[in-house]
Structure formats: structure tokens, C-alpha cells
Amino acid sequence: MLDDLAPQRRRTLLAGAALLVAVVLVAVGIGVVRTLDPTDPASQDELGPVLLVSGYGGRVASLDPLRDALRSAGRDVEVLEPEGDGRGDLRAQAAALGRSVEAALERTGADSVDVVGYSAGGVVARLWVRDQGGADVARRVLTIGSPHHGTDVAALAVEIAGSCPTACEQLVPDSDLLRGLNAGDETPDGPEWVTLRSDADRVVVPTDSAVLDGALNLRVQRLCPGSTTPHRALPGDAAVLATVASVLGRDAARAPTDVSC
């Protein structure tokens with residue numbers, strides 16, 4: 001078809017096509033660069049607000065000891081109200097966490113947040129980091145007694161009753177949600193990751209489900225030998241409160257050394 005055009009017209013069309021190809025390649029190249037750019041981690045020297053995420057069922061009163069300890073240390077602390085009854089889709093709860101983070105950053109003018117997730121709240125925090133943009137603004141993420149790889153208790157509930165609320169079913173070992181969440185890197189770039197668990201936990205079974213590859217993984221009994229702290233008592237446990245102080249400061253996250261067991 002080009003052969004039928006006058007030489008000048010043909011040169012004009014070819015030049016325009018070449019320009020269009022160049023523009024497309026530049027646009028694609030920019031997209032590739034943006035995709036490959038690593039997350040710019042939050043500054044570890046600046047302390048922003050702390051958001052506390054409750055566990056399955058959304059009993060926020062269980063987080064009172066953590067809230068009080070952090071406020072006594074001078075931190076700005078917000079305890080999140082659960083999405084619905086705290087038993088719904090954990091992805092929806094992660095989206096709600098994202099909205100609360102945005103509001104906290106706007107309210108305080110801070111550039112980053114620390115997030116503490118108790119029990120299922122730790123799974124919510126991970127979903128937020130991975131899927132809701134949390135990697136860009138999370139400085140530290142601490143999970144306490146969280147069933148990152150599921151719990152046999154949820155599996156038993158499904159086996160006995162045939163089903164259980166959405167969040168419960170999502171916490172069955174090897175659920176679709178957990179399989180996707182744990183595929184690849186369990187602690188993606190962005191925040192520093194810390195987990196804490198108790199060998200006496202009878203809700204998160206096995207207790208090693210609370211461990212994350214790539215995190216600083218701490219154990220109550222390593223800090224307080226002989227401790228029998230169960231799952232429900234973790235937010236007020238001396239080892240847990242000491243850990244919160246040692247991992248949410250300006251210094252690098254570390255195990256506490258001054259626990260009053």
C-alpha cells in the first residue's frame with residue numbers, strides 16, 4: 001500500500017509510525033521501571049502512630065494492656081474498631097486497616113505507622129502490607145500469637161459443624177487465603193517484621209504457625225522460662241509488653257533483656 005503513495009507522503013507516514021513506536025516503547029519502559037522499583041522503606045528513626053488490630057471476634061478490650069503501655073511510653077496509639085463483628089472476610093478487615101492508617105497519617109502528619117496485630121489481627125496486618133499499600137508506610141509490624149499458617153482449631157470447627165464464619169474458614173491451615181499469603185516471601189520488603197508466640201497457646205495450634213520466615217521470631221518461654229501464658233492472656237503478658245517496648249522504638253528491633261517475669 002505504501003508503494004502507491006508519493007515519496008514525500010510515504011516518508012511522512014513512516015516517520016510518524018516510528019515516532020509512535022518510540023512513544024509506546026518509552027511508556028512500556030517506564031512501566032517496567034516502576035514495576036521493578038523496590039519499595040522505599042519507611043524511615044526507622046521517625047516514630048509515627050501505632051495501630052492495634054484485635055483478633056478473631058474483634059474484642060478490642062483485650063488490647064487495653066498494650067494500649068496503656070504504649071501511651072505511657074509517649075506513643076500515639078489507636079485501637080481499631082473491628083470491621084463488622086470481627087468474624088468476616090480478613091481481606092475486608094485489611095482494607096479497613098488501610099483506611100484507618102490513612103486517617104492516622106493525615107491526623108498526625110506522620111510518614112509511617114507501626115502496626116501490632118494480635119491473633120488474627122496479625123494476618124490482617126500482613127494482608128494490608130501485601131495488598132493494600134502498607135509496605136510503603138509500615139515501619140514495624142509486630143504480630144502476637146497470630147495463626148499465619150492456620151490453626152487446627154479452625155479446622156476442627158469446620159469438621160464438626162460443617163462450616164464456620166468466613167474469617168474462621170480463612171484460618172484453616174492451607175486455606176486459599178493463607179496459601180496465597182504465604183506463597184513466596186512471607187515478610188515482604190518495607191517494614192521490619194517481628195513475631196511473638198507462646199508454647200502454652202491452645203488457640204493457635206501448632207504454635208509454630210505464628211512464625212514467619214524472615215522475621216525476628218520470639219517466644220514467650222525464651223524470655224520467661226516456665227511461663228504458661230495462654231492465648232487470651234498474651235496482650236497483658238510481661239514478656240509481650242517488654243517486647244513491644246524493645247521492637248517499636250527507634251533502635252533496631254531486638255528481643256527484650258529486662259523482662260520482669
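Colour the chain by pLDDT, the predictor's confidence in each residue, from 0 to 100. The average for the protein chain is 88, and 85% of the residues score at least 70. This is a predicted model: local features need pLDDT of at least 70, side-chain atom pairs count only at pLDDT 80 or more, and totals for chains, interfaces and linings use all residues. Residues are numbered from 1 along each chain as its sequence is written, and side-chain values use heavy atoms, with hydrogens and water left out.

Select residues 1-38. Here pLDDT stays under 50. For this stretch the model has six contacts (heavy atoms within 4.5 Å) beyond four places in sequence.

Now switch to a cartoon view. The protein chain has nine helices and six strands. These are DSSP runs, numbered from the N terminus: helices are H or I, at least four residues, and strands are E, at least two. Of the chain's 261 residues, 44% count as buried. Buried means under 20% relative accessible area, exposed over 50%, and partly exposed in between (1.4 Å probe, protein chains only).

Next, the inside. A nonpolar core is a set of buried Ala, Val, Leu, Ile, Met, Phe, Trp, Tyr and Cys residues joined through side-chain atoms within 4.5 Å. Select L90, L97, V101, V123 and W128: they have the most contacts inside the largest core, which has 34 residues. Elements that each supply at least two residues of this core include β1 (50-53), α3 (90-108) and β4 (138-144). Helix α4 gives the largest share, seven residues.

Zoom in on V123. Which residues does V123 touch, not counting residues up to four places away in sequence? They are L90, S146, P147, H148, L171, L177, L178 and L181.

Move to T207, in the loop between β5 (192-197) and β6 (216-219). Is T207 buried or exposed? It counts as buried, because its relative accessibility is 16%. Leaving aside neighbours within four places in sequence, T207 is in contact with R197, S198, D199 and D201.

Last stop: T108, in helix α3. T108 counts as partly exposed, because its relative accessibility is 32%. Not counting residues up to four places away in sequence, T108 touches P49 and D76. T108 and D76 are 32 residues apart along the chain, and their C-alpha atoms are separated by 8.8 Å. Finally, show A110: its backbone nitrogen lies 3.2 Å from a polar atom of the T108 side chain.

Key:
A polar contact is a pair of N or O atoms within 3.5 Å; within protein, one must be able to donate a hydrogen and the other to accept it, and residues adjacent in sequence count only if both atoms are side-chain atoms.
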